[in-house]
There are 2 protein chains.
Amino acid sequence: MSKSPIHLTASLEDYLEAIFFITEEKGAARPKDIADRLNVKAASVTGALKQLAAKELVNYTPYDIVTLTPDGKRIAKSITKKHAALLRFFTDVLDIEKSDVEDFACKMEHVIPDHVLERLVEFAEFVHKCPNRGAIWREGAHGYFCKTRGIDPLCKKCNLDAP
Amino acid sequence: MSKSPIHLTASLEDYLEAIFFITEEKGAARPKDIADRLNVKAASVTGALKQLAAKELVNYTPYDIVTLTPDGKRIAKSITKKHAALLRFFTDVLDIEKSDVEDFACKMEHVIPDHVLERLVEFAEFVHKCPNRGAIWREGAHGYFCKTRGIDPLCKKCNLDAP
DNA sequence: GAAACAAGTTAGCTATGCCTAACTTTTAGT
DNA sequence: ACTAAAAGTTAGGCATAGCTAACTTGTTTC
């Protein structure tokens, strides 16, 4: 019996991710924790848990704590990885405020295909490995310039425009 | 009377964008064109058009062609701009297949905040303006290397790993 | 100009996913 | 242990957004 490709909505992915996070942090997840983390009401959590339990991604017994099944954990990890990768890309490469990123990274992680996400990760990695690594870009008065972090500037031409 | 910040769902934004595109291409949009472009049924289009008409973003009269109001056009342009920027970033900078990008760019354009999108555009611009401009990165057997497009490779260190 | 076909609309159904309110179970305090 | 508070569940409601089926309008074609 091959496992059919489990198809999760963005919402259910959020629940899985939240459960994973809370479990890592506190050992087990209570519906209340999940509700607080996702800014939904407890009643909504019950509904989601039933769906996830039906897909055998969480161990759910009414009035009991929630844990992830191996499948659930695997998927949750993958989503978390996406989230972290996006967070890193937007903060490290694009230099966006982390608090700003959190707002939309959790939405993007549901729409970016795996292979694109991987490419994004590789790109962020490339930025670090390249001789210009650590180079970040900033808008100056007259255009853009490279600015390096902690190493000698190698991107000399760009730096002509730097203040 | 100040115009209240019109808040559109991702779905309605898709409709606006589609109407804009079709109008640019053919002069005016028929519900059929919209339905075909968004892969929905004609009945769904009617519902969306009523909502957009209520927000005064489209001129809608039953059984007639659809046009955008100035407000609708302005918003549609902004969405289209986001779409194009994302498309360009993923194809030019991340070197993802255009056909692949189309699939999720239309979802991302609804979740990326304006200021982040701008940053992304600036970054793509930076990649072009930097001395390493045109440098694209690719995964090699033993890591990553820079590859340039049409100009001399400046990213020499990286090229040590290149095949 | 009338019939046939395409396009558009309406009504009603479905599913997701959230909510509130009322109820049940568990936990905690005394 | 008993009661009160907190946590969890159930039932029912609402909004979005799609669908089908039946009907209306518009356009072609002869």
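Reader: How many nonpolar, polar and charged residues does the surface near DNA strand D have?

Author: In this predicted model, that surface has 11 nonpolar, four polar and three charged residues. "Near" asks for a C-beta atom, placed from the backbone, within 6 Å of the strand. Ala, Val, Leu, Ile, Met, Phe, Trp, Tyr, Cys and Pro count as nonpolar, Asp, Glu, Lys and Arg as charged, and the others, Gly among them, as polar. Residues are numbered from 1 along each chain as written, with chains lettered from A and ligands numbered from 1 in written order. Local features need pLDDT of at least 70 and side-chain atom pairs 80 or more, while totals for chains, interfaces and linings use all residues.

Reader: Which residues are closest to DNA strand D?

Author: Of the 18 residues that surround DNA strand D, the closest are Arg30(A), Lys32(A), Ala43(A), Thr9(B) and Ala43(B). Two or more residues each come from α2 (31-38) and α3 (42-54) of chain A, and from α1 (10-26) and α3 (42-54) of chain B. Helices are DSSP runs (H or I, at least four residues), numbered from the N terminus.

Reader: Which residues of helix α5 of chain A are buried?

Author: Buried means 20 or more other C-beta atoms within 10 Å of a residue's own, exposed 12 or fewer. In α5 (98-108) of chain A, Val101(A), Ala105(A), Cys106(A) and Met108(A) are buried. Down the axis of α5(A), they fall within an arc of 150 degrees, so they line one face of the helix. The face turned away from that buried side carries the exposed Ser99(A) and Asp103(A).

Notes
Arc of directions from axis to C-beta.
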